Amino acid sequence: MTRPRRFYIETWGCQMNELDSQRMAGQLMQQGILPTREVEEADIILLNSCSVREKAEQKVYSRLGEYRLLKRGKGDLLIGLCGCVAQQEGERALERVPDLDFVLGPARVGELQDVVARRRAGERVVATGFPESRQYDIDAVSRHGEHKGMVTIIEGCNKNCTFCIVPKTRGPERSRPMADILGEVRHLLDYGFQEIELLGQTVNHWREPGGDWDFADLLDRVARMPGLRRLRFITSYPRDFTPRMVEQVGRHANIAPYLHLPVQSGSDRVLRRMGRGYTRNEYLDLVGQLRRARTDLALSTDIIVGFPGEAEEDFAQTLELVREVRFAVVYAFKYSPRPGTAAPRLDGAIPAEIADERLQRLFALQEGIQREINVGLVGKDFEVIVTGWGKQPGTQTGRTPCHRVIHFETGPEPVSLGGTTTVRVETAFAYSLVGRRLEAPALAHS
Ligand code: SAH
Ligand code: F3S
């Protein structure tokens, strides 16, 4: 019997990349090529890269350097560079890495089978750019081992925040038609997913192509679909949130009381230089509206520290905003200059030591806030969607509706991946909760 062919995919970056990896895996599996977790076993290696910060980009190149050594004595091994670094580098990646077989940009993921076939026929393919019509086959997505179904509703981004490379790597914004989105969600619910996550770089900027519907209409339609237990969407752009959207978040109990709302900075001066198009007060006002609509709402955010020209008082305003909003989670990053963006031309570069020190202060502040908020959840019961096994034997891990990580003992009957159970919080840490499963009486603690 011949050994089946195997593929290995390594993924960096955002949810879109995760979904793109599921799409690439799905296409290969349709051809009878199977996944492996051992890179040495692979006949095809795909590196699905992120270029949002320089470090991520460097990492993928160093991985390429390691993996190309596997080609020795294994002539037919294919290595493909995919994702945002692929789009950014194109032809250059082939020059830089002699053993690289192909380069596949994020808008061309649906062409993987064709690119592999062309490579097998001898061509070193560079498939990048943003074609008018894109291949998207909802059946060619490997969702195996996932607890949630991700659905892209809008691709690319037109915002051009001055620090961000995404509009270059993911191209101009385009929304998928509502009918396609509803069809894919239906398919995922039929498949058994209880949680659906709608994806877009500016997810709430979705518009029906050539029509009048906006994201409020889409949210309403999706939230009403029978069998949908938990609906999430990422990433919302603060300026694109309308009162009608806020109303939908307040109206549907199955829309998760959790929202990722990147603020980037608490200083108007920095926000202006970032080209974000909103002020600190507008952001805080939106947070107020959302919390009035949904009192249990947990918010997370992204913050960049050390943006060019960020003075100590600007940073102090960011800390102040973090104190005021009390986010459930803060993802904070040191500013990293990216090619083709406007910010590197701004004056006032911040020395690395100062940016590092600010990052540490921000983390310390947020950790204290997070611990306080989480301790306030002790004794509360949550419907938990199970995401996987815990590190301790006999335990599982899941997410509360407010998207917090919670660990619990399974009892005699573990919950299936993606299934739900009710857990009472008993212990709280800054980054996770530990609780007791309520409907597992055999395990009830005394
Ligand atoms: N709208 C997108 C944003 C993608 S980038 C989304 O889906 O989240 C994710 C986050 O990375 C941004 O919110 C920003 O905080 C951070 N980021 C982007 N460019 C950066 C840069 N040049 N340096 C540091 N952080 C950056
Ligand atoms: Fe980047 Fe700003 Fe778009 S952060 S993805 S350019 S909204």
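Cysteine 50 is buried, at 14% relative accessible area. The model is predicted. Cysteine 50 takes part in no disulfide, and the whole structure has zero disulfides.

**Cysteines**
- Cysteine 50 counts as buried because its relative accessible area of 14% falls under the 20% cut-off.
- The nearest cysteine sulfur to that of cysteine 50 belongs to cysteine 84, 6.4 Å away.
- That distance is not within 2.5 Å, so the pair is not a disulfide.
- Cysteine 164 is also buried, with a relative accessible area of 17%.
- Cysteine 164 is one of the residues around ligand 2.

**Asparagine 48**
- Asparagine 48 sits in strand 3, which spans residues 44-49.
- Its relative accessibility is 1%, so asparagine 48 counts as buried.
- The side chains of asparagine 48 and serine 21 make a polar contact at 2.9 Å.
- Beyond its neighbours within four places in sequence, asparagine 48 is in contact with Glu10, Thr11, Trp12, Asn17, Asp20, Ser21, Met24, Cys82 and Gly83.
- Serine 21, the polar partner, is therefore also on the contact list, where the cut-off is heavy atoms within 4.5 Å.

**Ligand 1**
- The shell around ligand 1 holds 13 residues.
- Gln201, Thr235, Gln264, Asp302 and Ser336 come nearest.
- By class, the shell has five nonpolar, four polar and four charged residues.
- The side chain of glutamine 264 places an N or O atom 2.7 Å from an oxygen atom of ligand 1.
- Arginine 53 has a side-chain N or O atom 3.1 Å from an oxygen atom of ligand 1.
- Phenylalanine 163 uses its backbone: one of its polar backbone atoms is 3.0 Å from a nitrogen atom of ligand 1.
- On its own, ligand 1 has 540 Å² of accessible area, and the protein covers 88% of this.
- Strand 13 (298-305) and strand 14 (329-334) are the elements that give two or more residues to the shell around ligand 1.

**Ligand 2**
- Around ligand 2 lie Cys157, Lys159, Asn160, Cys161, Phe163, Cys164, Val166, Pro167, Gln201, Thr202, Tyr237 and Arg276.
- The shell around ligand 2 divides into seven nonpolar, three polar and two charged residues.
- Gln201 is listed around ligand 2 and is among the residues that come nearest to ligand 1.
- Phe163 is likewise listed around ligand 2, and its backbone has the 3.0 Å approach to ligand 1.

Key
Residues numbered from 1 in each chain as written. Chains lettered and ligands numbered in written order. Predicted model: local features only at pLDDT ≥ 70, side-chain atom pairs only at ≥ 80, totals over all residues. Heavy atoms only, no water. Near = heavy atom within 4 Å. Polar contact = N/O pair within 3.5 Å; in protein donor to acceptor, adjacent residues only side chain to side chain. Areas by Shrake-Rupley, 256 points an atom, 1.4 Å probe, with all protein chains shown as cover. Helix = DSSP H or I, 4+ residues; strand = E, 2+ residues; numbered from the N terminus. Nonpolar A, V, L, I, M, F, W, Y, C, P; charged D, E, K, R; others polar. Buried < 20%, exposed > 50% of the residue type's maximum accessible area, 1.4 Å probe, protein only.
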